[in-house]
Amino acid sequence: GGQGKHEGIHQVRIRSKNTVTNQSIPLIAPKEFIHSMRHGGYRSPASAMAELVDNAIEAHATLVDVTLTSGSDESPTVKVLDNGIGMTPTILQRCLQFGGTTRFNSRNGLGRFGLGLPASSLSYARRVNVYSWRRRTRVLSCHLDVDEVWQGATYIPELEKVKYPNDVVPYDTGTLVVWEKCDGLNLTRLRYVLGRIRLELGRRFRNFIWDGVEIRVNGEAVTPIDPLLRSKDSSGVSSAMYGPEIRLSVRNQTGTGNKYTGD
């Protein structure tokens, strides 16, 4: 290196027989990225499962079944089944791609950016399988497996035409998401975990439940929970107004003028 034209600025000179060329660097390092996404901040199993329930409701499902099972010889399994409209092959191909949503920035549900399904699933499971159908005779499936990525896989596997698990397709249209190898899920206190999931889903999706969507966790219907107790049908209790209603004026600035409103 030597002194540059400006004091305090040093230049490094590299002498080489070969010409220096730009090297293409992938935007994402798959192994490290997947590892990071597995610790993406879902604070509870319920918050992760809520992403799948939200997807089902956006697909016009009126029934969403969440099932958690644990066995002594294998890791827990989570299944989320809905009777929504199902996915076309094109949408199914993209559903496990990070950011691969057809509803980017949608305001119709809780999710907006196409990260929910893969990110929430891999937070608690090493493998996620998605089955979807728009008619009973044609069930398509795709999957994302952490171990396959760590072994070098960089693409979502191609869709497969498969038989529905247990061979019985429950609805004319729908989607089933299965979490396997759930190394991030502890079901030793299964009743407690189920209770927490019902409470969280009941709070998040209370308005949808009141509108007629049925959500079940291990066969038991989720009860809508209103944290402000403003609805009498939330949990059997309700709140009462304390004192007279208070109305405040706020400034609503539009264009060059200011307008006050009491709303």
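Trainee: Which is the crossing of helix 2 and helix 6, left-handed or right-handed, and what makes it so?

Mentor: The crossing of helix 2 and helix 6 is right-handed, a label given when the near helix is turned clockwise from the far one by less than a right angle, with anticlockwise giving left-handed. Bear in mind that this is a predicted model, in which local features need pLDDT of at least 70, side-chain atom pairs count only at pLDDT 80 or more, and totals for chains, interfaces and linings use all residues. Residues are numbered from 1 along each chain as its sequence is written, and side-chain values use heavy atoms, without hydrogens and water.

Trainee: Why are helix 2 and helix 6 called oblique to each other?

Mentor: The axes of helix 2 (residues 45–58) and helix 6 (residues 190–204) cross at roughly 50 degrees and come within 9 Å, the axes being lines fitted to C-alpha atoms over the stretch in contact, with angles from 0 to 180 degrees between N-to-C directions. Under 35 degrees would count as roughly parallel, over 145 as roughly antiparallel and 65 to 115 as roughly perpendicular, the rest being oblique; helix 2 and helix 6 are therefore oblique. In contact (heavy atoms within 4.5 Å), A46, S47, M49, A50 and V53 of helix 2 meet R196, I197, E200, L201 and R204 of helix 6.

Trainee: How do you know what to call the arrangement of helix 2 and helix 4?

Mentor: Helix 2 and helix 4 pack at an angle of about 150 degrees, their axes 9 Å apart, and are therefore roughly antiparallel to each other. Their crossing is left-handed. On the helix 2 side the contact is made by P45, A48, E51, L52 and N55, and on the helix 4 side by G116, L117, S120, S121 and Y124.

Trainee: What makes helix 4 mostly covered?

Mentor: Nine of the nine residues of helix 4 are buried, that is, under 20% relative accessible area with a 1.4 Å probe and protein chains only, where over 50% is exposed and in between is partly exposed. Among these buried residues are P118, A119, L122 and S123. Across the protein chain of 263 residues, buried residues make up 37%.

Trainee: Why is strand 6 described as largely enclosed by the rest of the structure?

Mentor: Seven of the eight residues of strand 6 are buried, so strand 6 is largely enclosed. Strand 6 is joined to strand 5 by eight antiparallel bridges, with V128 opposite L144, and the two strands form a hairpin with two residues between them. Strand 6 also pairs with strand 7 over three bridges in the antiparallel sense, where V139 stands opposite V162.

Trainee: What makes strand 7 and strand 10 the edge strands?

Mentor: The open sheet has eight strands in the order 7-6-5-8-4-3-9-10, with mixed pairing, and strand 7 (160–162) and strand 10 (220–221) each pair on one side only. Pairing requires at least two bridges found by DSSP, and two bridges join strand 9 (residues 214–217) to strand 10, the strands running antiparallel; V217 has E220 as its bridge partner in strand 10. Helix 2 packs on this sheet, touching strand 3 (63–69), strand 4 (77–82), strand 8 (174–180) and strand 9. Helix 4 (residues 116–124) packs on the sheet too, touching strand 5 (127–135), strand 6 (138–145) and strand 8.

Trainee: How many helices and strands does the protein chain have?

Mentor: Seven helices and 12 strands, counted as DSSP runs from the N terminus (helices H or I, at least four residues; strands E, at least two).
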